Amino acid sequence: MNKKLPFSVVRYVKTQPASNRSMAYLCLDENLVVVDSGGELEKCGIPSIENGVLASEQLPAIESLLPIDESAVVLVNTQIIEGSIIDLHLFADSVGQWVLIIDNTEAGLRLQSEQQDRLCNDIVEEQNTKKRRFK
Amino acid sequence: MLQKKVCMLGAFAVGKTSLVRRYVDSIFSEKYTTTIGVKIDKKVVSLGAQDISLLLWDVYGEDNHQKVLPAYLRGMAGYLLVVDPTRPNTYKSAVSLNKLVNDTLGPKPFVLVLNKSDLKEDWENETVDVQALKDEAVAVMETSAKTDSGVSEMFQSMASALLPKNSRGSIPDE
């Protein structure tokens, strides 16, 4: 498995906001078979990936998203494996279809905690409004 | 095996995650835990002689601060549109999410899910006209993730709507 990121991935990452998060990638051929993979798959919560096997068999979550034939698709805060939050970037270039996985567990958990507080407040507010209505 | 992406869509705290947890893991928790982004699970549904694998995309709920992004709908075959009738405003989110799907992908089969049937005495009337939504839905079902009422039937109804027309049969009892 390659630890070094290929040129297509490096070029794509340069278009994204600066990040020092763990990254991993899959490169797929026109039949959506994995031809290359690498980076920090384990740190991104992705089990080992085998070359020569359909990507969707190894990561069923991406089946409906491929192939990419237009601009990149980005799905932030995706949870495929319990305890791991990733951003999924899918794009294509002359080399193939790329699945770029960027770990976002730390920021995702922080966001979840903030969102939880906010929505719990919203629920309490809704309940109070309802009580006032029925008084 | 046939595999289809199904999204759980609805306002925040209507019980989307609880329905998935109940169906996939047979568990229910009273504690509300918000979903950020999307959680993806897989469940094989048996419909008579035919199995279908559902990729369940439990998408974050809409609230005043965030709307569902169309990217999450990509490749979706059908959806479960969940409302909490104890909070009639959640019908409004259902109407707008249904419009988002139609505008993004065109019409897709969906089940309109009236969740929290264990709290039926607290259900209120809709604040918006949802008759069109009810007419468009392949089914309107009452569920309770808490008591497990109607949950597997809801997923089976969705799965059945996703089968090719010539292989649809009656939905068996579990």
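Modeller: A nonpolar core is a set of buried Ala, Val, Leu, Ile, Met, Phe, Trp, Tyr and Cys residues joined through side-chain atoms within 4.5 Å. This is a predicted model, in which local features need pLDDT of at least 70 and side-chain atom pairs count only at pLDDT 80 or more, while totals for chains, interfaces and linings use all residues. Residues are numbered from 1 along each chain as its sequence is written, chains are lettered from A and ligands numbered from 1 in the order in which they are written, and side-chain values use heavy atoms, with hydrogens and water left out.

Biologist: Which residues have the most contacts inside the largest nonpolar core?

Modeller: That core has 50 residues, and those with the most contacts inside it are A:L26, A:L88, A:I101, B:L9, B:W57, B:V59 and B:L81. Its largest share, 5 residues, comes from helix α2 (residues 89-105) of chain B; helices (H or I, at least four residues) and strands (E, at least two) are DSSP runs numbered from the N terminus. A second, separate core of 29 residues includes B:V20, B:A77, B:V82 and B:V113.

Biologist: What makes the pair A:E126 and B:R87 a salt bridge?

Modeller: A salt bridge is a side-chain nitrogen of Lys or Arg within 4 Å of a carboxyl oxygen of Asp or Glu. The N to O distance between A:E126 and B:R87 is 2.6 Å, so the pair meets the definition. It crosses between chains, from helix α3 (residues 105-134) of chain A to the loop between β4 (76-83) and α2 of chain B. Both residues also belong to a salt-bridge network with B:D84 and B:K116.

Biologist: Why is B:R87 called buried, and why is A:E126 called partly exposed?

Modeller: Buried means under 20% relative accessible area, exposed over 50%, and partly exposed in between (1.4 Å probe, protein chains only). B:R87 has 12% and is therefore buried; A:E126 has 26% and is therefore partly exposed.

Biologist: What makes the salt bridge of B:K146 and B:E30 a tie between separate parts of the sequence?

Modeller: Their side chains meet at 2.9 Å, N to O. B:K146 lies in the loop between β6 (139-142) and α4 (151-162) of chain B, and B:E30 in the loop between α1 (16-25) and β2 (38-47) of chain B, so the pair ties together parts 116 residues apart in sequence.

Biologist: How do you know that B:E30 counts as exposed and B:K146 as partly exposed?

Modeller: B:E30 has 60% relative accessibility and therefore counts as exposed, whereas B:K146, at 40%, counts as partly exposed.
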